[in-house]
Amino acid sequence: MWQIFERNPRAFLWALLLHLALAILIFSSIAWTRGDQHSGAQGNLIDSSLSLSPELQDRVAQLRDPQAFRIAQEDERQRQEDKRIQAEEEARQAAAAAEAERQRQAEQESRRRAAIEAERQAERDAAREAQRQVELQARREAEREARVQAELEAQRQAELEVQRRAEETAQRQAEEQAQREAKEQAQREAEEQAQREAEEQAQREAEEQAKREAEEQAQREAEEQARSQAAAAAARAQQLANEWVPRISAKVAQFWIRPQSLQVQVSTLVRLQLNPGGEVVPGSVKVIESSGYPAFDTSVVRAIMDASPLPVPDGDDFKVFKDFDFRFKP
């Protein structure tokens, strides 16, 4: 019943109202029937004047012939049951057909959706494939670009390496050149220093040689001058001796006293010192070559001391007699 209500609620309400009306009529007909049992002709009049509903007719038939009514009801129920079964079967078949149709449509829809999905999937696959191809192409381009960049980088590194090696070689050569130049400069400076030192040494040696030669020359000249002066002095001394020794001998002879024991001719050489003016320095008379006769020697020394001051020249000529040797030979 609930399924009927769900399928057609308006029909259900109309059926319910109809049954209520039928129930009212049934109770009313019962009252009328009881009245008819008491007054027969009045009942026929009602039957001929009223148009009963099927439900009232059934109720009337049930009241008239319950057995036949039950059979009719059973037949009707069976017919309704058959009809229901048939309707259910038809509904089942319709539902099955609808289900089949639904399934077909669902399958068709599923196939359509599957086709659409397949198409979309194909499109997605194509898009993915296109994207993959694009990415693959991009990756290839990137790889190619990376290879190109790597080759360029390798080439740049190689060029940098070549440049670095060239710079190192240039720097090494520059350093070697600088070292050679420094060495040559040092060698030149050493040679120049050695040359300067040699020149200075040569100059010093030359100067020393010149100095030595000058000194030797000066010495030679001095010696020559000394020799000349000595010769001149000797000549002058000899000249003065020739002039003044006879005078000194004569004056000493004046004070000399011949020893009595002396019988031979002898001489004595003495050394004496004089002060300017001819005064004999006391104690300065020494016998440096004896005559062999001490008395003679002593007499000579005494005569010299007694003859003081002796005759001597003045000025520079006195130097000859300041300290001189005197040989006395009477």
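From the N terminus on, the elements of the chain follow the order α-α-α-α-α-β-β-α-β, that is, 6 helices and 3 strands. Helices (H or I, at least four residues) and strands (E, at least two) are DSSP runs, numbered from the N terminus. The model is predicted: local features need pLDDT of at least 70, side-chain atom pairs count only at pLDDT 80 or more, and totals for chains, interfaces and linings use all residues. Residues are numbered from 1 along each chain as its sequence is written, and side-chain values use heavy atoms, with hydrogens and water left out.

**Chain totals**

- Of the 330 residues, 12% count as buried; buried means under 20% relative accessible area, exposed over 50%, and partly exposed in between (1.4 Å probe, protein chains only).
- The accessible surface of the chain is about 24700 Å², and carbon and sulfur atoms hold 54% of that surface. Accessible areas come from the Shrake-Rupley method with a 1.4 Å probe, and for residues only the protein chains shown count as cover.
- Among contacts (heavy atoms within 4.5 Å) with a separation of 6 or more, 66% join residues 24 or more positions apart.

**Strands β1 and β3**

- Strand β1 (residues 268–273) pairs with β3 in the antiparallel sense over 6 bridges; two strands pair if DSSP finds at least two bridges between them.
- Within this pairing, Thr-268 stands opposite Phe-328 of β3.

**Nonpolar core**

- A nonpolar core is a set of buried Ala, Val, Leu, Ile, Met, Phe, Trp, Tyr and Cys residues joined through side-chain atoms within 4.5 Å.
- The largest such core has 24 residues, and those touching the most other members are Val-252, Leu-272, Leu-274, Ile-304, Leu-310 and Phe-326.
- At least two residues of this core come from each of α5 (66–255), β1, α6 (294–307) and β3; α6 gives the largest share, 5 residues.
- Beyond its neighbours within four places in sequence, Leu-274 is in contact with Glu-279, Val-280, Val-281, Leu-310, Val-312, Phe-318, Phe-321, Lys-322 and Phe-324.

- Ser-299 lies in helix α6 and counts as buried, at 4% relative accessibility.
- Not counting residues up to four places away in sequence, Ser-299 touches Trp-256, Ile-257 and Pro-259.
- Pro-309 is found in the loop between α6 and β3, and the peptide bond from Ser-308 to Pro-309 is cis, with omega near -5°.
- Most peptide bonds are trans.

- Arg-113 and Glu-109 form a salt bridge (2.8 Å, N to O). These two residues are 4 residues apart in helix α5, so about one helical turn separates Arg-113 and Glu-109. Arg-113 is exposed at 55% relative accessibility, while Glu-109 is partly exposed at 24%.
- Glu-168 and Arg-164 meet in a salt bridge at 2.2 Å, N to O, and are likewise 4 residues apart in helix α5, about one helical turn. Glu-168 is partly exposed at 36% relative accessibility, and Arg-164 is partly exposed at 35%.
- Glu-161, Arg-164, Arg-165 and Glu-168 are linked in a network of salt bridges.
- Glu-200 and Arg-204 form a salt bridge whose closest N and O atoms are 3.9 Å apart; being 4 residues apart in helix α5, Glu-200 and Arg-204 are separated by about one helical turn. Both count as partly exposed, Glu-200 at 40% relative accessibility and Arg-204 at 36%.

**Nonpolar surface patch**

- Leu-13, Trp-14, Leu-16, Leu-17 and Leu-20 form a nonpolar patch on the surface, with about 540 Å² of accessible area together.
- Patches are made of residues with over 30% relative accessible area and no salt bridge; like charges are joined within 9 Å, and nonpolar side chains (Val, Leu, Ile, Met, Phe, Trp, Tyr) within 5 Å.
- Leu-13, one of the patch residues, lies in helix α2 (residues 9–38) and is partly exposed at 45% relative accessibility.

Definitions and conventions. A salt bridge is a side-chain nitrogen of Lys or Arg within 4 Å of a carboxyl oxygen of Asp or Glu.
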